[in-house]
Amino acid sequence: KRVPNNLNITLPGIEAETLLLYLDRYGIMASTGSACTSRAIDTSHVLKAIGRSDAEAKGSVRFTIGNMTQRPDLQFVKEKCFEIIYNFLT
């Protein structure tokens with residue numbers, strides 16, 4: 001059971017807060033927690049409840065897709081995410 005327009009990805013070895021800063025440079029908005037805890041600095045209780053470790057929760061980013069989101073928007077986010085992650089790993 002889940003909301004179909006939310007996507008949460010976990011990137012081991014990459015601090016989610018850092019990833020958000022890079023995404024923001026491209027105008028991409030995402031979050032590190034659930035909407036109900038978006039202002040909290042603790043790891044997401046939701047991710048902890050589904051069995052994520054602290055490290056996994058700290059490396060998790062949530063994307064929410066709206067009704068105005070178009071395929072080119074998703075392609076742009078995908079390309080920028082791959083670019084950012086590649087730069088982290090090299």
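Modeller: Buried means under 20% relative accessible area, exposed means over 50%, and partly exposed is in between (1.4 Å probe, protein chains only). This is a predicted model, where local features need pLDDT of at least 70, side-chain atom pairs need 80 or more, and totals for chains, interfaces and linings use all residues. Residues are numbered from 1 along each chain as its sequence is written, and side-chain values use heavy atoms, without hydrogens or water.

The whole chain comes first. It has 4 helices and 2 strands (DSSP runs, numbered from the N terminus: H or I of at least four residues for helices, E of at least two for strands). From the N terminus, the order is β-α-α-α-β-α. Of the 90 residues, 24% count as buried. Take contacts (heavy atoms within 4.5 Å) between residues at least 6 apart in sequence: 73% of them join residues at least 24 apart.

Now zoom in. Helix α1 covers residues 16-25, and A16, L19, L20 and L23 are buried in it. These four sit on the same side of α1, because they cover an arc of only 105° around the axis (the arc of the directions from the helix axis to the C-beta atoms). An α-helix has 3.6 residues a turn, so residues three or four places apart point the same way. Turn to the other side of α1. There, L21, D24 and R25 are exposed.

What covers the buried residues of α1? The cover includes α3 (54-58), β2 and α4.

Take β2 next. Strand β1 (residues 6-10) runs antiparallel to β2, and 5 bridges join the two (strands pair if DSSP finds at least two bridges between them). One example is I9, whose bridge partner in β2 is V61.

The structure holds 2 aromatic pairs (Phe, Tyr or Trp rings, the six-membered one for Trp, with centres within 6.5 Å; planes under 30 degrees apart are stacked, over 60 edge-to-face, the rest tilted). One of them is Y22 with F88, edge-to-face at 5.6 Å centre to centre, with 75° between the planes. Y22 belongs to α1 and F88 to α4, so this pair ties together parts 66 residues apart in sequence. Y22 is partly exposed, at 33% relative accessibility. F88 is partly exposed too, at 31%.

Y26 and F76 also pair. Their ring centres are 6.5 Å apart and their planes stand at 80°, so the pair is edge-to-face. Y26 lies in the loop between α1 and α2 (45-49), while F76 is in α4, so the pair links parts 50 residues apart in sequence. Y26 counts as partly exposed because its relative accessibility is 31%. F76 has a relative accessible area of 35%, so it is partly exposed as well.

Stay just after α1 for a moment. G27 takes a positive phi of about 75° there. Then look across to K80, which lies in α4 (residues 71-89). K80 touches Y26 and I28, leaving aside residues up to four places away in sequence. Is K80 buried or exposed? K80 is buried, because its relative accessible area is 16%.
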